[in-house]
Amino acid sequence: MKKIFLAALLAAQTFTGFAQSQDFKPYEEKMNKLYAEFEVIGKEFAGIRQKGDAITEADKKRAEELLAKDDSLTSIFTTTTLEIAKKFKATKFPAKYVGDVYGNLTYDQLKEVLDPTSGYYNEESLKNAKDFLASLELRRPGLMYTDLVMKDMNGKEIKLSQFAGKGNYVFVDFWASWCGPCRQEMPNVVEAYKRFHDKGLEIIGVSFDQKKEAWTAMVKKLGMTWPQMSDLKGWQCAAGKIYGIRSIPSNILLDPEGKIVDSDLRGEDLLNKLAEIYK
């Protein structure tokens, strides 16, 4: 009797696995197509960058088109990954995709897909995603800010608490002069300051630089007219440990009481969030 029951159980498991593999196929094909498109875009973009000073206006325009296409594909990839994680939660199938897209997920999304009860939670490919979630835990919405004490560009002590919790929203921007993506994002931060500072927005720059000259020169070059602080310790910056900053640019937005309401806002997301606050 036990042998018959076991054989029936194994048959049921085999059939279920086959059915699931059939269900996987359309998603796998869709994701493989996206991977292929990412590869094509990456190669063309790399080719443009290799031109260095010889880049033409047409090259710049094409690079912008490629970045826009990359953003579009990333959005599709992210949405599909969340769907896969929900539909195939009991299997190992979602692990690879979650492991590739975790950096684009919000705290709430990442918390949901890294459910310890899922069938893929213990997969090795999710180690970095779990580490990233742990860093986000340090700056998740609802937490009260932790003070930072550093030096400003004149060598004087400056504290985050001089601005946070004083009745205004405070945008804390983690960046460095040597960080290309930080420099690319800075025009959006400058625009945010121009639009909303008169309405009460405060911005505090926290630099992960090591060289004061490079830090101060870039502040002036990029038109950053808000307060700045740094301990000039690079990746050993105190802010890294306190707020779990593992890559830059990064940021947190504090409400008038000093509670974190959002993090890693960039581009239109930043401007739209502030427009909603100050409407």
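## Backbone features in two loops

Leu-232 sits in the loop between β5 (228-230) and α8, where helices (H or I, at least four residues) and strands (E, at least two) are DSSP runs numbered from the N terminus. Although Leu-232 is not a glycine, its phi is positive, at about 55°. This is a predicted model, in which local features need pLDDT of at least 70 and side-chain atom pairs count only at pLDDT 80 or more, while totals for chains, interfaces and linings use all residues. Residues are numbered from 1 along each chain as its sequence is written, and side-chain values use heavy atoms, with hydrogens and water left out.

The loop between α8 (238-243) and β6 (250-254) contains Pro-249, and the peptide bond that joins Ile-248 to Pro-249 is cis, with omega about 5°.

## Domains and their interface

An automatic or database domain assignment supplies the domain bounds, and the chain is divided into domain 1 (23-138) and domain 2 (143-278). The C-alpha centres of domain 1 and domain 2 lie 27 Å apart. The contact between them, meaning heavy atoms within 4.5 Å, takes seven residues from domain 1 and eight residues from domain 2.

Between them, domain 1 and domain 2 bury about 520 Å², of which 51% is on carbon and sulfur atoms; buried area here is the accessible area (1.4 Å probe) that two parts lose on being put together, summed over both. On the side of domain 1, the residues that lose the most area to domain 2 are Phe-132, Ser-135 and Leu-138, which together account for 70% of what that side buries. Across this interface of domain 1 and domain 2, the rule finds zero salt bridges, a salt bridge being a side-chain nitrogen of Lys or Arg within 4 Å of a carboxyl oxygen of Asp or Glu.

## Side-chain pairs

A search of the whole structure finds 15 salt bridges. One of them joins Glu-44 and Arg-62, whose closest N and O atoms are 2.7 Å apart; Glu-44 belongs to helix α1 and Arg-62 to helix α2, so the pair links distant parts of the chain, 18 residues apart.

The structure also holds 17 aromatic pairs, defined for rings of Phe, Tyr and Trp (its six-membered ring) with centres within 6.5 Å, where planes under 30 degrees apart count as stacked, over 60 as edge-to-face and the rest as tilted. Among them is the stacked pair of Phe-24 and Phe-93, at 4.2 Å centre to centre and 10° between the planes. Because Phe-24 lies in helix α1 (residues 2-49) and Phe-93 in the loop between α2 (57-87) and α3 (95-101), this pair ties together parts that are 69 residues apart in sequence.
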